[in-house]
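Please open the model in your viewer and keep the selection panel at hand. The stops below each give something to select, followed by what is to be found there.

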Amino acid sequence: MTLNMPFHSEPHRTLYLSFQNITVLHNDRKILDNVSGAACPGEILAVMGPSGSGKTTLLDSLSCQRKMGTVGRICVNGEPLSKKWRRKICYVLQDEIFFPSLTLRETVTYAALLRLPEKMPKIEKIAVVDSIIESLELTSCQHTKFGDYMNRGLSGGEKRRANIACELLTNPLLMLLDEPTSGLDSHAAISLMKILKRYAIQEQKTVVITVHQPSSEMFRMFDKLLLLYNGCTAYFGGVNNICEYFQDIGVVIKPHYNPAEFVLEQIKSNPDTREKLFVAAKESYSNFLNQNCLGTNGIIEANEIERFCSKAMASNEEKHQDNVLINHIIHNYYNDVHMSGNRLGSESKESRLNFNLESCQRSCEEATQQLCPSELQSDTSTLPIDNPDWLDYPTQFHTQFRVLSNRNFKEAKARMLSKLNWFQTIGLSLMTGAIWYDIPRTEEYLHDLQGWMFFSQTYWMLFALFGALNSFPSEREVINKERRSGSYRLSAYYLAKMFGELPLVVTLPTVYLLISYSLLGCSSLKLFLLMLVFLLLNTVVAQSVGFFIGACCMDMNVSITLSALYTLATQLFGGFLSTRIPEFLSWIRYTSMIHYAYQNMQILEFREGAPIVCKQPSSYEACANSDTIPYEDILRSQNYTTPLWLNTLVLVSFLVLFRGLGYTVLRYFRCPRT
Ligand SMILES: Nc1ncnc2c1ncn2[C@@H]1O[C@H](COP(=O)(O)OP(=O)(O)OP(=O)(O)O)[C@@H](O)[C@H]1O
């Protein structure tokens, strides 16, 4: 089975990764200590080690997600790892971060629509989705939702493969996978590894995975192994000759033993072996380079080096300077062959070459210097960009907006219009309708009527604010993951979130008003529509505040506390609960959205609705000359003097302000590292 990817039409690119002396410090503790290694196109480099040995930290460093306290050199194709290259690297995390209410197929399709090039027709994008789903053996579960701890969905292995499917869409040159097989049964783990191996070979991709304790079968699929223990390198090199390597340093792997398990066991339990391995591994990086130049024992088959070098060269026909190391090795190889031509005996004719070890080692070291010219820490330079498209987003703003609006709508629908929310809304509407049923429009019941208005505004403020707050932490994870991979612009996501969720935000308040206000005694359709507009405006403002607080606070407890404080203050200063607010605190009401929304509702109800009949004796002066109370007098008695348009303008300003602040926080303060 082949991955029917559309990228074959592009000039084939490959990526050679090398990293040298990666050291990661955290509070003076060395999490990684001078770790070096390399990975070639078409190969799998396995990073193995006991729990806590630094495997994930190494992948974090290689993907540039961990810069603080990290030193060392990371190079790709001879260039320091720059932003240009980062777009060509995918990092599949151990955790699967997805929207639980979307199906696997929907998730991969949205990823394809966002991450495949704009110019590719939709039908071709869907074909890629089909191909990837089939290749990863996900066809049978493609219509299953991801699910969460409440509603079970895809299995762990299926989620793991779905994660990989989304990353494959971008046609990365380097795949970093953090424990892709953990939690899978041996069959599923082997099957996943086979898929990765096939992908690496067929597409000439470079794959780096971390793994705990692979089975013998899985171990044989790796090409190179980097063994870590307590952040130190215990082994780096090929997998094929690992038994001989350990034998040479006095660690004999018993026959029929899984080498991976045996070595890990020895490292953990035997301090002497550990020391031996650390000492031997100090030279492993240069050994590795030597082996690539010379082969084992300094002898190399000519066709071997041809194969090794041609892999990168053939794929970079247009830019053969891409792979500095390979070029350098070839150059030195032929120089050496030429220079030592006299020394080459009949073996050279048989394509068997034995050349100067020191010379090659020197050349490899030089190549490595060339390969990694700058320190990771100072890697802020912008290198010449051969193809500026790499820095652009794959799709245009309008496509991102359209796809994300659609996805937001689908994702939020299950959450916002859940059965529980419908039940709550209809139940509450009926309850308020029963309490305020056909309320007499007289001065005696004026306070009751105002109570309904205040309650309605407050309830929908709380509903929208806490709803937005609740959904945000999980959503933030997803958008951070997608932004890290450069899928879309934050502005497109932000606008799409506003517009995509709008029909959902307004549905339940509309149903509430329809039931509750009708039971209460709404006098005209015009009044109903006007009341609805202002209830919805308040709801959308509250959602913006919830979104802003959610974006600011990483800790859910803090965001709940802040939201509770804000909403309580908003209610206290809203004008219904107390009209005797001390002068020095009265300015706070101007920050209360309820203050404006509640005022607007009263203006509409008392101006447009049936008039309020005076009681006898009345507390309103106007009742001396009239049977009904003018709406201005009702508002003035509560010290409300601002007109409808001004209240509306303030609410719209709140909306713009909190949306803007939310965007700014996400853009500048909660920006995922790329
Ligand atoms: N941000 C951090 N703060 C403190 N300690 C950290 C941090 N990141 C990693 N560590 C520590 O560094 C060590 C290596 O962690 P890492 O997650 O890289 O290990 P690992 O080999 O991937 O482990 P596992 O196989 O259990 O996932 C651990 O002891 C961990 O506690």
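Begin by selecting strand 6, where Ile-89 and Tyr-91 point one way while Cys-90 and Val-92 point the other way, and all of them are buried; a residue is called buried if 20 or more other C-beta atoms lie within 10 Å of its own, exposed if 12 or fewer do, and partly exposed in between, with C-beta atoms placed from the backbone. In a regular strand the side chains alternate between the two faces of the sheet. The model is a predicted one, in which local features need pLDDT of at least 70 and side-chain atom pairs count only at pLDDT 80 or more, while totals for chains, interfaces and linings use all residues. Residues are numbered from 1 along each chain as its sequence is written. Helices (H or I, at least four residues) and strands (E, at least two) are DSSP runs, numbered from the N terminus.

Now widen the selection to the whole sheet, which is open and consists of six strands in the order 6-7-8-3-9-10, with mixed pairing. At its edges are strand 6 (89-92) and strand 10 (232-238), each of which pairs on one side only. On average, neighbouring strands of this sheet are turned by 15° against each other, direction ignored. Further along, strand 3 (residues 44-48) pairs in the parallel sense with strand 8 (residues 206-211) over five bridges, and Ala-46 stands opposite Ile-209 in strand 8. Helix 10 (residues 271-281) packs on the sheet, touching strand 9 (224-229) and strand 10, and its direction makes about 60° with that of strand 10; here axes are lines fitted to C-alpha atoms, for helices over the stretch in contact, and angles run from 0 to 180 degrees between N-to-C directions.

Then select Leu-196, which has its place in helix 6 (residues 186-203). Why does Leu-196 count as buried? It has 21 C-beta neighbours inside 10 Å. Apart from neighbours within four places in sequence, Leu-196 is in contact with Ile-44 and Val-207, contact meaning that the C-beta atoms of two residues, placed from the backbone, lie within 7 Å.

Move on to another open sheet, made of four strands in the order 2-1-4-5 with antiparallel pairing. Its edge strands are strand 2 (29-39) and strand 5 (79-80), each pairing on one side only. Strand 1 (residues 17-26) and strand 2 run antiparallel and are joined by seven bridges, and the bridge partner of Phe-19 in strand 2 is Gly-37. Helix 1 (residues 55-62) packs on this sheet, where it touches strand 1, strand 2 and strand 4 (70-76).

Finally, select the segments that UniProt, in an unreviewed entry, places under "transmembrane region", including residues 493-515 and 527-551; UniProt positions are given in the numbering used here, feature names are shortened, and annotations may be inferred rather than shown by experiment. Residues 493-515 are 100% helix and 0% strand, with end C-alpha atoms 34 Å apart, and residues 527-551 are likewise 100% helix and 0% strand, with end C-alpha atoms 36 Å apart. To end the tour, show helix 18 (residues 446-484) and helix 20 (residues 525-552), whose axes come within 7 Å and cross at roughly 30°.

Technical notes
Two strands pair if DSSP finds at least two bridges between them.
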